[in-house]
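Please keep the structure in view while reading the numbered points.

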Amino acid sequence: MRLNNKSVVPHIHMEGSRNFSDGTCDCSGSVYYALRLAGASSFGYIPSTETMHQWLLDNNYELIAENTEWQMQAQDVIIWGRKGESAGTGGHTGIAVDGQNWIECTAWYGGGNGPEGGVIISNHDQRWTMCEQPYFYVYRLKDNTNQSNDINYPTTKENSKMIYIFNVVDANGKPTGGTMLFDGIRCIAFAGKNGKLALDHYSGTYKQITGKDIPTQSKTQAQFDLWGKMYKVEYINFN
């Protein structure tokens with residue numbers, strides 16, 4: 001991961017910025033940062049494991065499991081710690097990257113980042129057992145059910161809020177690659193000689209459904225490196 005154009009490991013710190021801006025983060029801050037990059041609404045400040053529950057519900061997530069077995073899938077948000085008891089070090093949270101592993105910001109020395117901790121990808125169940133199997137909640141984006149290779153189009157104005165176009169830019173704001181689409185589920189690169197036409201068609205369809213232009217944004221390389229750990233780029237050729 002790169003921050004401020006330097007190769008560094010962000011350290012866990014509950015009294016720092018909590019959002020990587022000073023090279024530090026904590027578990028809920030890193031989850032909030034990642035989901036905000038994916039289009040989630042602002043909470044006004046960085047939530048904790050106590051206040052994150054309602055924020056997720058307000059952003060089209062639903063509670064799919066509460067302290068019971070479930071089939072993990074990428075992008076599930078897991079919160080450890082019973083509500084009312086998870087403040088500070090009493091709670092933890094991370095985001096699933098597949099059916100077994102999650103990405104977390106942790107102080108765990110064994111994560112490979114030394115005594116200051118940082119962001120790692122680890123086996124969720126092993127970490128849960130290591131931490132004495134805390135009470136947990138699992139939230140999943142309601143639209144996160146499309147496992148096909150088809151591009152996800154908005155069907156209502158409500159589920160369009162997680163869809164946008166973006167470019168990765170350098171320190172001077174200059175694009176370093178092509179335009180990509182986050183369709184609420186995956187990050188898609190429109191490749192091939194007709195890629196731009198396909199993207200323009202998608203943008204036009206989006207406007208017909210929602211009545212507004214598709215949102216656009218830029219990501220720094222550091223932001224994209226973190227975000228890309230959860231949403232791998234898929235290249236679809238339009239030839």
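**Note on the fold and its open sheet**

1. The chain has five helices and 15 strands; helices (H or I, at least four residues) and strands (E, at least two) are DSSP runs, numbered from the N terminus. The model is predicted, so to speak of local features requires pLDDT of at least 70, side-chain atom pairs count only at pLDDT 80 or more, and totals for chains, interfaces and linings use all residues. Residues are numbered from 1 along each chain as its sequence is written, and side-chain values use heavy atoms, with hydrogens and water left out.

2. Of the 239 residues in the chain, 48% are buried, where buried means under 20% relative accessible area with a 1.4 Å probe, counting protein chains only. The accessible surface of the chain is about 11900 Å², and carbon and sulfur atoms contribute 47% of this area; the areas come from the Shrake-Rupley method with a 1.4 Å probe.

3. Among contacts in the chain with a separation of 6 or more, 59% are between residues 24 or more positions apart. A contact means heavy atoms within 4.5 Å.

4. An open sheet is formed by six strands in the order E5-E10-E6-E7-E8-E9, with antiparallel pairing. Its edge strands are E5 (61-66) and E9, each of which pairs on one side only. On average, neighbouring strands of this sheet are turned by 30° against each other, direction ignored. Two strands pair if DSSP finds at least two bridges between them, and the axes behind the angle are lines fitted to C-alpha atoms.

5. Strand E7 (residues 92-96) deserves attention. Five of its five residues are buried. Strand E6 (residues 77-80) runs antiparallel to E7 and is joined to E7 by four bridges, with Ile78 opposite Gly94. Strand E8 (residues 101-106) also pairs with E7 in the antiparallel sense, over three bridges, and Trp102 in E8 is the bridge partner of Ala96. E7 and E8 form a hairpin, with four residues between them.

6. How many bridges pair E8 and E9? Six bridges link these antiparallel strands, and Asn101 stands opposite Asn123 in E9. Strand E9 (residues 118-123) has five of its six residues buried, and therefore the rest of the structure largely encloses it.

Terms used: Buried < 20%, exposed > 50% of the residue type's maximum accessible area, 1.4 Å probe, protein only. Axes fitted to C-alpha atoms, helices over the stretch in contact; angles between N-to-C directions.
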